[in-house]
Amino acid sequence: MFYILLVLGLVVLAYIFRQVVVIGKSCKSNAKLHGKTVIVTGSNTGIGKTTAIELAKRGARVILACRSKQRGEAALQDVKRESGSNQVVFMQLDLASFKSVRSFAENFLKTEPRLDILINNAGLHIFDRTEDGFGMTFGVNHLGHFLLTNLLLDRLKECGPSRVLNVSSTMHNVGSIDFDCLNTHKDLRKGTSILDGIRIYSDSKLCNVLFTHELAKRLKGTKVTCYSIHPGGVKTELARNTDAASQMILSNLGIFFMKTPLQGSQTTLHCALQEGIEHLSGRYFSNCTVRNVFAKARDDAASKKLWEISERFCGI
Ligand SMILES: NC(=O)c1ccc[n+]([C@@H]2O[C@H](COP(=O)([O-])OP(=O)(O)OC[C@H]3O[C@@H](n4cnc5c(N)ncnc54)[C@H](OP(=O)(O)O)[C@@H]3O)[C@@H](O)[C@H]2O)c1
């Protein structure tokens, strides 16, 4: 009898742990988005795809901004089917190429009259170089999105109230930015070990939070607001470039310790939809709640310096 009660107790505790600590809160907004246009980068899979489905269900015209034509077009069919909306469009965007970012923005501005929500969601961690010679993780997670946002900013201002969402990570807490390394190596760090890869990813996620901090300051007086987001630990394809052992651990532990992509999209949906958060522009959200960040993630001098070096790198 004692052992039966013990097992039952453990099952209940595990259930509560998963509901409260792992899954957490859901977006409570009932806002509808008919007549509004949203761009979601990296929306052919993972958190981005689920976010696109949820926003299309609420009536938004959703632009799937993905790098692979094949994967993007397959996702287009899925998003249309799962949302029941035909207001979904695929447009090719490779964030690892300034040329592609510019051509996406030109095509978008020419063909779409509105932009109400820009969701900079795409992300990866991999050792490689972008078409323009930057470290791939830095180039895609920060620089590509920095250029994209700047190219679309006037349209966002015209359509205000509008929002920019930057999907970061709690990993930004262990990140730092070495501006000398950026200047000399066009990358956040030099190493190539697994640990260096994790550090570069964390650094790039700190860039997302600092970019949001600086963007909010530059957007004061406009009707555009911006937010950075930690989606939680989510079972997606994000670890696809890591070693086989890490992938195996993640895929087994992930069943219990990680969110599904739908659960992982809730904070993004909250920041996209929740009314009355405009005064929190520039802040960082996790579990559908605004959070305080360490001083290094709201450092005015560092965020200004990152903005200026990013402008120079992007040629804007
Ligand atoms: N999963 C987590 O636990 C977790 C935790 C914290 C933060 N995040 C953040 O959440 C965001 C979404 O990640 P996820 O977990 O959904 O990962 P995912 O399943 O790997 O999806 C990442 C998306 O980014 C796209 N992408 C990669 N490189 C690109 C490029 N050069 N141009 C355009 N798109 C590109 C991928 O496209 P392809 O399919 O073509 O490669 C894919 O659609 C990322 O910013 C990630 O850092 C995730």
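Helices (H or I, at least four residues) and strands (E, at least two) are DSSP runs, numbered from the N terminus. By that rule the chain has 11 helices and eight strands. This is a predicted model, in which local features need pLDDT of at least 70 and side-chain atom pairs count only at pLDDT 80 or more, while totals for chains, interfaces and linings use all residues. Residues are numbered from 1 along each chain as its sequence is written.

**Overall shape**

- The C-alpha trace spans about 70 × 45 × 40 Å along its principal axes.
- Of the 316 residues, 44% count as buried (20 or more other C-beta atoms within 10 Å of the residue's own; exposed means 12 or fewer, partly exposed in between; C-beta atoms are placed from the backbone).
- Among contacts with a separation of 6 or more, 76% are between residues 24 or more positions apart; two residues are in contact if their C-beta atoms, placed from the backbone, lie within 7 Å.

**The sheet**

- Eight strands form an open sheet with mixed pairing, in the order S3-S2-S1-S4-S5-S6-S7-S8; two strands pair if DSSP finds at least two bridges between them.
- Strand S3 (88-92) and strand S8 (289-291) stand at the edges with a single partner strand each, so one side of each has no neighbour in the sheet.
- Neighbouring strands of this sheet are turned by 25° against each other on average, direction ignored. Axes are lines fitted to C-alpha atoms, for helices over the stretch in contact, and angles run from 0 to 180 degrees between N-to-C directions.
- Helix H3 (residues 69-83) packs on the sheet, where it touches strand S2 (61-66) and S3, and its direction makes about 170° with that of S3.
- Helix H7 (residues 194-218) lies across strand S5 (162-167), S6 and S7, and runs at about 165° to S6.

- Seven of the seven residues of S6 are buried.
- In a regular strand the side chains alternate between the two faces of the sheet.
- Val 224, Cys 226, Ser 228 and His 230 point one way from S6, whereas Thr 225, Tyr 227 and Ile 229 point the other way; all are buried.
- S5 and S6 pair in the parallel sense over six bridges, and Asn 166 has Ser 228 in S6 as its bridge partner.
- Strand S6 (residues 224-230) also pairs in the parallel sense with strand S7 (residues 284-286), over three bridges.
- On the S7 side, Ile 229 stands opposite Phe 285, and the bridge partner of His 230 is Ser 286.

**Ligand shell**

- The ligand is surrounded by 29 residues, and the closest are Gly 42, Gly 46, Ala 122, Gly 123 and Thr 236; a residue is near a molecule or strand if its C-beta atom, placed from the backbone, lies within 6 Å of it.
- Helix H2 (residues 46-57) gives the largest share of this shell, three residues.
- By class, the shell has 12 nonpolar, 13 polar and four charged residues. Ala, Val, Leu, Ile, Met, Phe, Trp, Tyr, Cys and Pro count as nonpolar, Asp, Glu, Lys and Arg as charged, and the others, Gly among them, as polar.

**Backbone details**

- Gly 160 and Pro 161 are joined by a cis peptide bond with omega of about 5°; Pro 161 sits in the loop between helix H5 (136-158) and S5.
- Asn 287 is not a glycine but has a positive phi of about 50°. Asn 287 lies in the loop between S7 and S8 and is partly exposed, with 17 other C-beta atoms within 10 Å.
- Cys 288, also a residue other than glycine, has a positive phi near 60°. Cys 288 is placed in the loop between S7 and S8 and is partly exposed, with 19 other C-beta atoms within 10 Å.

**A residue in H7**

- Ile 198 lies in helix H7 and is partly exposed, with 16 other C-beta atoms within 10 Å.
- Ile 198 and Tyr 284 are 86 residues apart along the chain, and their C-alpha atoms are separated by 21 Å.
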